[in-house]
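Subject: Structure for your review

Dear colleague,

Please find below the structure that I would like to hand over to you. My findings follow directly after it.

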Amino acid sequence: MTGKPDDKLKILFVASEAAPFVKVGGLGEVMNSLPRALRKIGHDARVLVPKYATIDVERYPLETELNNIRVESGDKDPFGILVSNVLRYKSADGGVNYFLENMEYYEKRANVYGYSDDTVRWVLLSKASLEFVKKSSWKPDVIVASDWQTGFIPNLVHTDYKDDPILSKIPVVFSIHNLKYQGMFDPRFVSEMDHDSGQAPISDFFDPRTLKLSGMRRGIMYADVINTVSPTYAREILTEEFGEGLNALLSERKSRLFGILNGINTESLNPETDKDLVANYSIKSLNKKLENQKALQKQFGLPATEGDIFVVGMVGRMDGQKGFDIVTQMLGPLMDNINFQFVIVGEGDAGYRMYFEQLKEKYPNRVGTHFAFDARLPRMIFGGADAVLIPSKYEPSGLVQMEAMRYGCVPIVRKVGGLADSVEDFTPEKEEGTGFVFEKYDPFSLTIAVIRASELYRQKKEWEKLMKRAMAKDFSWEKSAREYIKLFEMALRFHRESQ
Ligand code: GLC
């Protein structure tokens with residue numbers, strides 16, 4: 001491996017989730033589409049995730065790759081050794097996915113996250129993936145660990161394995177998809193006694209200290225290169241407002257910190273071919289969107305309109321990050337004052353759910369809800385709604401705004417993270433912009449953005465131009481995948497220089 005730009009790289013991603021096998025959030029999506037994009041430009045990118053019980057092995061038949069991956073679990077374990085296997089799935093594009101099989105820690109658990117021994121499960125994933133690399137005949141040039149769950153990988157490579165003839169040669173990139181989650185504790189409330197400085201060795205599996213390890217801090221401390229999923233978020237996390245208590249550490253490592261905006265899968269997300277739309281359309285046949293709007297209204301039990309009522313949607317996890325605190329302050333008063341329809345699909349916080357249920361009771365003809373994950377509904381919303389609301393408190397990248405724009409659904413977003421990097425505010429003077437952007441995290445600023453949008457919506461010609469500008473944006477992965485390659489090459493260089 002010489003590190004020349006046209007060299008084919010072998011890249012191993014290790015993560016807690018990867019679509020289409022197992023997906024909880026955006027990380028899972030990226031672990032599907034980014035390796036695929038890297039393969040398309042000629043590199044060999046593979047992903048290793050645990051083999052959870054929920055993985056559909058009938059649909060994705062798995063073969064054995066390597067048995068007997070041994071990880072030391074420490075003195076407190078009567079056996080002292082945990083044995084796992086690695087299975088393999090080859091996808092249609094030739095891509096290889098690996099699955100770490102362990103009955104106790106993954107197979108017996110129905111969910112990906114949320115167990116009292118989660119840290120142990122991720123330390124096992126981190127250690128076993130490195131043992132796998134040692135034994136495997138396929139050796140990656142670079143390992144990419146993502147989020148706190150695999151932050152132990154850069155740590156181990158630079159401490160326990162620092163003299164290992166194989167692993168010491170491989171640089172580790174640490175990708176931050178969400179800085180807030182750092183371990184099994186809330187970083188804002190961690191006591192001094194429980195503080196993990198990241199200096200001490202990773203404790204044994206059954207040592208109570210293990211549950212207090214900060215995978216995020218350790219990942220940032222030890223990685224050769226750190227990246228996050230948009231340039232703006234990479235800058236924001238150096239500040240106290242967005243740094244989640246790690247801004248000082250990140251500032252120390254600033255010369256190794258980069259931001260690359262996520263892409264979206266433009267093949268499967270295509271209004272011209274999407275089978276879940278009642279009418280396919282392109283930038284040239286936007287009039288067909290009305291049929292999709294009617295289908296959407298029907299789906300949510302709302303009266304069908306003739307394209308004369310502004311329809312606004314919201315898609316995704318109902319969680320504080322996504323701005324629900326300000327939405328629930330302004331939506332009611334706005335409904336009282338202007339006529340529009342609102343539909344929401346997403347799982348999450350019961351308090352927010354109750355708010356929307358009550359709003360629906362008050363405005364049964366104007367509010368539609370669906371509080372569970374659904375593979376089809378988000379695209380029905382992008383196809384049928386006029387605008388989508390994403391007023392996030394913080395947003396490392398965000399995928400919904402890019403997906404919506406591809407379908408000509410205008411995003412109304414807060415100017416943070418990846419939202420700031422992908423949506424330009426509408427400027428009437430210059431006929432520019434691809435959505436509506438507001439700055440301050442408060443219900444007034446959000447309300448003003450929605451009103452600006454609903455006013456422009458009434459000027460049909462202007463609105464259509466805005467939709468077209470949004471649809472013309474290219475958010476395919478290829479550009480970002482090339483930036484990742486540059487990042488990997490940089491990691492190789494840094495790593496070589498440090499030896
Ligand atoms: C996390 C972030 C989101 C990002 C996704 C994929 O879910 O909150 O902004 O798009 O990861 O990187």
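In this predicted model, a polar atom in the side chain of His-177 is 2.6 Å from an oxygen atom of the ligand. For Asn-262, an N or O atom of the side chain lies 2.8 Å from a ligand oxygen atom. For Gln-321, the distance between a polar side-chain atom and an oxygen atom of the ligand is 3.0 Å. On its own, the ligand has 310 Å² of accessible area, and the protein covers 93% of it.

Around the ligand there are 13 residues, and His-177, Asn-262, Glu-395, Ser-397 and Gly-398 are the closest. By type, this shell consists of seven polar residues, five nonpolar residues and one charged residue.

The second topic is a pair of helices. Two packed helices are described by the angle between their axes and the distance between the axes. Helix H9 spans residues 324–337 and helix H10 spans residues 350–362; they pack at an angle of about 5°, and their axes are 11 Å apart. Because angles under 35 degrees count as roughly parallel, H9 is roughly parallel to H10. On the H9 side, the contact involves Phe-324, Asp-325, Val-327, Thr-328, Leu-331, Gly-332 and Asp-336. H10 contributes Tyr-352, Tyr-355, Phe-356, Leu-359 and Lys-362. Seven residues of this contact between H9 and H10 are nonpolar, three are charged and two are polar.

Yours sincerely,
A colleague

Methods. Residues numbered from 1 in each chain as written. Predicted model: local features only at pLDDT ≥ 70, side-chain atom pairs only at ≥ 80, totals over all residues. Heavy atoms only, no water. Axes fitted to C-alpha atoms, helices over the stretch in contact; angles between N-to-C directions. Helix = DSSP H or I, 4+ residues; strand = E, 2+ residues; numbered from the N terminus. Parallel < 35°, antiparallel > 145°, perpendicular 65-115°, else oblique. Contact = heavy atoms within 4.5 Å. Nonpolar A, V, L, I, M, F, W, Y, C, P; charged D, E, K, R; others polar. Near = heavy atom within 4 Å. Polar contact = N/O pair within 3.5 Å; in protein donor to acceptor, adjacent residues only side chain to side chain. Areas by Shrake-Rupley, 256 points an atom, 1.4 Å probe, with all protein chains shown as cover.
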